[in-house]
Amino acid sequence: MQKLRAIDLLGLAVFVTFWALSSTVHAWQPEIGDKPRAMEQLELVSGAPVNLADYAGKPLIIYFGADWCAPCVANGRPAVINAFNQYKTKGLQVLFVDLGDPFKLRGKKLAESRDLGFPIAMRSLPPTGQEKMRNFDFGTFGTIQVVPTAIILDAKGTVVSKIEQGTKLRDQLDGAVEAVFR
């Protein structure tokens, strides 16, 4: 019985350690301090390729969300729009990466992009037979683990903040954006 308890306690300790680390450490690229690599498998809803170099020289929020994601609609999206409206005169840029179905939503997102005043990107249309692809792997850029997610880049193109989850994004985005203008 004593031996079983020691094993149980060790297992519990390992679980708690990994759980605690997973809530505070980002295990996916790009990391804070990195310059993101190319965003593969994405294109603007206009059909143009996504090139992060086009955003150089000004702070940028790269926001990953979708209309099917309740926390995105309720918290993430409004926070990004508010931050953009508050800081656009200072040069803030937004690249909204919509994780919805590019076959069904591209036309709607094109109109939405014009209305919001910032670009929206979606997955490139996949080859025939791969239409149901639902992973959030963007090649050398990295994989998004949680939606909504916002990655904030400074004017030099370096990641200064990564915020995941709806309520965290709503509560932390303004402060993270404000920090890049100090």
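This is a predicted model: local features need pLDDT of at least 70, side-chain atom pairs count only at pLDDT 80 or more; totals for chains, interfaces and linings use all residues.

Me: How do you know what span to expect for α4?
Reply: The expected span is 1.5 Å times one less than the number of residues. α4 has 15 residues, for which 21 Å is expected, and its first and last C-alpha atoms are 21 Å apart.

Me: Which residues of α4 are buried, and what do they pack against?
Reply: Gly 166, Leu 169, Leu 173, Ala 176 and Val 177 are the buried ones. They pack against β2, α2, β5 and β6.

Me: What makes Cys 69 and Cys 72 a disulfide?
Reply: The cut-off is 2.5 Å between sulfur atoms, and the S to S distance here is 2.4 Å; the pair therefore counts as a disulfide. A search of the whole structure finds one.

Me: Why is the disulfide of Cys 69 and Cys 72 called right-handed?
Reply: Because the torsion about its S-S bond is about 80°.

Me: Why does Cys 69 count as buried, and why does Cys 72?
Reply: Buried means under 20% relative accessible area. Cys 69 has 5% and Cys 72 has 1%, so both fall under that cut-off.

Me: Which residues have the most contacts inside the largest nonpolar core?
Reply: Among them are Met 39, Phe 64 and Leu 173, in a core of 47 residues. α2 gives the most to this core, with six residues.

How values were computed. Residues are numbered from 1 along each chain as its sequence is written. Side-chain values use heavy atoms; hydrogens and water are left out. A nonpolar core is a set of buried Ala, Val, Leu, Ile, Met, Phe, Trp, Tyr and Cys residues joined through side-chain atoms within 4.5 Å. Buried means under 20% relative accessible area, exposed over 50%, partly exposed in between (1.4 Å probe, protein chains only). Helices (H or I, at least four residues) and strands (E, at least two) are DSSP runs, numbered from the N terminus. Contact means heavy atoms within 4.5 Å.
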